[in-house]
Amino acid sequence: METIRITGVGAQLQGVGRLRDGRAAFVPFSIPGEAVDVEIERDCGRYVVARLLRVREPSPARVEPDCPAYGLCGGCQARHMTYGETLRLKRQKVMDALARIGGLEAHPVRETLPAPEPLRCRNKAEYAVADGKIGFMRSGSREVVPLTDCLLQREESARVLRALAQMNLRGLRGAVTRVNRRGEVMLTLCGAAAQPPMRDFPGVQSLYYCRLKPRPTQALDGDCRLLAGEPRQEETLSGLRFSLLPQSFFQVNAAQAERMYALALDALRLCEGTRMLDAYCGAGTITLLSAARGALSTGVEVVPPAVMDARDNARRNGLSDRTRFLLGDAAEIVPRLLAAGERFDAAVLDPPRHGADARVLEALLRAAPERIAYISCDPATLARDLKRLAAGGYRLEFVQPVDMFAYTGHVEAVVSLQKEAL
């Protein structure tokens, strides 16, 4: 046992202090400023992961967790502190990454944009099933913590969870709910068997069964088959209508996504006829929102079903004449477009967690749009990519952290970049 002072914050909003031997100690459920008693739980050589034993000097931001499963379920990491403190620490997390990885400490980072309502804010839940129990995984293990509610999920999803908890779940490995703004629920049951354990479920708009691959990489990694109800779920975002299948990507916090996308598109200063490139367009959300502002928008995406969804959503919103969606790797497609004489005034990067492909960044630097908006879900890969863009002649105008996932260690960020004059 050792008493240490918590002075920093880790990637999952865990406190960070120093042991007597100088090594960093990552302490879940501690807060910067606190003096705590800890014991080493895992020795990783240059650093340790420590268990919090006692808080000797609590932070003013410390609160009693409002969830009975907190500390067992791995879904949240910050219910022991005020919401305001989570926003402060997420900003610090972005600042630390920019300075340490990107060498960009001189650039100001705005205060984290709070969620309008941090509770009941998520429209999608991925529940795990094992040994007849349904809930979320225990932190750091494959054990399921049984739940009948989650304060981050919509009440409609919690109602489905409670119903499933009363059923025989034999053969299931998981269940995924998606709730739209009208309160309609799409439920996807997930398992390895050829046939689903049930073929109807009262109170849902759509019921699917996803037969998982032998080694699934995510909750819906398999073949999804409609069992009952509507094949697609309708959703709205910033006045546009989107049609979603179970495996379609859509932001889990629609209200906060609208604010985040508006920040990015405002930074691009779009006007009638602006030629805009969306290098990771997915189902076309940002491409379509930019077209609705008057831009002539090109979306590039490597996943065929996403491109099909994007084209369908363009037709449904009357924006086909202002958009085009190209299937393929942006690292190959963008140079081909440039060779054909095309130019872009603005570009959006919204890559997955591992950040932008180096070849995509090289292609974008060759395209040299006047303005770039980068939307990131990982501060570390954001900092790495911004370092490359800065070296290629782009100046950071602002960095805006956005709290898309309340009470977790995740933070999104919107960055505005301007091409430096030669």
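**Pockets, cavities and helices in a predicted model**

Among the elements that line the second largest pocket, strand E5 makes the greatest contribution, with five residues. The structure is a predicted model, in which local features need pLDDT of at least 70 and side-chain atom pairs count only at pLDDT 80 or more, whereas totals for chains, interfaces and linings use all residues. Residues are numbered from 1 along each chain as its sequence is written, and side-chain values use heavy atoms, with hydrogens and water left out. Helices (H or I, at least four residues) and strands (E, at least two) are DSSP runs, numbered from the N terminus.

The second largest pocket holds about 580 Å³ of space. On a 1 Å grid over the protein atoms alone, a pocket is an open set of points with protein on both sides within 12 Å along at least five of seven lines, a cavity is a set of points where a 1.4 Å probe fits but cannot get out, and lining residues have an atom within 4 Å of a point. Grid points are joined across faces, edges and corners, and a volume is the space filled by probe spheres set on the points. The lining of this pocket comprises 20 residues, of which Pro 28, Phe 29, Glu 41, Gln 77 and Ser 139 lie nearest its centre. Two or more residues of the lining come from each of strand E4 (35-43) and strand E5 (47-57). By class, the lining divides into 10 nonpolar, six polar and four charged residues; Ala, Val, Leu, Ile, Met, Phe, Trp, Tyr, Cys and Pro count as nonpolar, Asp, Glu, Lys and Arg as charged, and the others, Gly among them, as polar.

Two cavities of 30 Å³ or more were counted. The largest cavity has a volume of about 40 Å³, and its lining is formed by Lys 124, Val 176, Arg 178, Met 186, Thr 188, Leu 220 and Pro 246. Strand E9 (172-179) and strand E10 (185-191) are the elements that give two or more residues to this lining. Four of the lining residues are nonpolar, one is polar and two are charged. The second largest cavity contains about 30 Å³ of space and is lined by Leu 237, Phe 249, Phe 250, Gln 251, Tyr 261 and Thr 285. Its lining has four nonpolar and two polar residues, but no charged residues.

Helix H5 (residues 304-316) has 13 residues, which should span 18 Å at 1.5 Å a residue; its end C-alpha atoms are 19 Å apart, which agrees. The expected span of a helix is 1.5 Å times one less than its number of residues. In H5, the buried residues are Ala 306, Val 307, Asp 309, Ala 310, Asn 313 and Ala 314. They cover an arc of only 160 degrees around the axis, and therefore lie on the same side of H5; the arc is that of the directions from the helix axis to the C-beta atoms. Buried means under 20% relative accessible area, exposed over 50%, and partly exposed in between (1.4 Å probe, protein chains only). Met 308 and Arg 315 are exposed on the face of H5 turned away from its buried side. The cover over the buried residues of H5 includes strand E14 (240-244), helix H4 (285-292), strand E16 (296-301) and strand E17 (323-327). Just after H5, Gly 318 adopts a positive phi of about 65 degrees.

Helix H3 (residues 254-268) has 15 residues and reaches 21 Å from its first C-alpha to its last, close to the 21 Å expected. Its buried residues include Gln 256 and Tyr 261, and Tyr 261 also lines the second largest cavity. In helix H2 (residues 155-165), the buried residues pack against strand E6 (124-130), strand E7 (133-137), E9 and E10.

Several loop residues were also examined. Asp 403, in the loop between strand E20 (394-402) and strand E21 (412-419), counts as buried because its relative accessibility is 0%. Beyond its neighbours within four places in sequence, Asp 403 is in contact (heavy atoms within 4.5 Å) with residues including Tyr 83, Lys 90, Gln 256 and His 410. Ser 30, in the loop between strand E3 (24-27) and E4, is likewise buried, at 0% relative accessibility. By contrast, Gly 203, in the loop between E10 and strand E11 (206-212), is exposed, with a relative accessible area of 68%.
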